Amino acid sequence: MPIRGPVPVKLHTKAAAETLRVGPLTIRVYEDGSRTENRVSGVLLEVPAGKSGPPMHWHRFHDELFFITKGTMAFVTPDGEVTASAGDLMTVPPGAVHTFKNASETEDCECYMTATPGHYVDYFRMLAKATDAGKTLTKGDVEHLMALFGTFPPDVESEP
């Protein structure tokens with residue numbers, strides 16, 4: 001049912017953001033999709049100097065936007081690397097094989113990331129919970145969690 005009448009806006013502050021730790025990454029969840037009927041979510045990814053994000057993958061259903069707010073982030077694709085600096089935006093549509101890493105060995109990097117649909121934030125929550133007690137996930141563990149959210153390694157075909 002469509003929303004009728006006035007709908008309040010909401011300020012999301014860094015201090016109130018849900019903070020998740022996944023390996024070396026800190027993920028601050030500002031909007032998890034609960035106020036947008038899961039149309040979009042927004043998180044801040046903090047990637048320490050010299051650290052990488054997830055293994056190379058692609059998404060069947062969701063779009064991602066990465067807006068670099070601090071430092072430089074390298075986006076790795078089968079075609080090579082593209083380095084984005086503060087103020088740059090990277091678009092990752094469904095089907096695009098990618099990963100990312102901090103492009104600097106000395107400076108931390110931050111980027112604001114959106115996912116559409118918004119419920120993809122639950123993937124980060126599941127990863128954080130699975131590694132909370134210091135457990136190291138196997139490749140199979142990671143691929144299982146990714147598959148729950150329509151995310152696959154590059155060798156999985158995009159069409160059935």
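Guide: Let's start with who touches whom: of the contacts (heavy atoms within 4.5 Å) with a separation of 6 or more, 67% join residues 24 or more positions apart. Keep in mind that this is a predicted model, in which local features need pLDDT of at least 70, side-chain atom pairs count only at pLDDT 80 or more, and totals for chains, interfaces and linings use all residues. Residues are numbered from 1 along each chain as its sequence is written, and side-chain values use heavy atoms, with hydrogens and water left out.

Now the parts list. The protein has 11 strands and 2 helices, where strands (E, at least two residues) and helices (H or I, at least four) are DSSP runs numbered from the N terminus. Along the sequence the pattern reads β-β-β-β-β-β-β-β-β-β-α-α-β. Your loop lies between strand S10 (109–116) and helix H1.

Here is the bond you asked about: from Thr116 to Pro117 the peptide bond is cis, with omega near 5°. Pro117 belongs to the loop between S10 and H1, and Gly118 is found in that loop too. Is Gly118 buried or exposed? Gly118 has 0% relative accessibility, so it counts as buried; buried means under 20% relative accessible area, exposed over 50%, and partly exposed in between, using a 1.4 Å probe and protein chains only. Across the protein, buried residues make up 39% of the 160.

What does Gly118 touch? Leaving out residues up to four places away in sequence, its contacts are Asp32, Gly33, Asn38, Arg39, Val40 and Ser41. By contrast, take Thr91, 27 residues from Gly118 along the chain: their C-alpha atoms are separated by 16 Å.

One of those partners, Asn38, deserves a stop. Asn38 sits in the loop between S2 and S3, and its phi is near 60°, a positive value in a residue other than glycine. Glu37 lies in the loop between strand S2 (25–31) and strand S3 (41–47), and its phi is also positive, near 50°. With a relative accessible area of 32%, Asn38 is partly exposed.

Not counting residues up to four places away in sequence, Phe66 has a list of contacts including Leu45, Phe75, Phe100 and Tyr112.

For another loop, look at Glu105, between strand S9 (99–102) and S10. Glu105 counts as exposed because its relative accessibility is 66%. Beyond residues up to four places away in sequence, Glu105 touches Ala49 and Gly50. The C-alpha atoms of Glu105 and Gly50 are separated by 4.2 Å, although the two are 55 residues apart along the chain.

Finally, step back. The C-alpha atoms fill a box of roughly 50 × 40 × 35 Å, taken along the principal axes.
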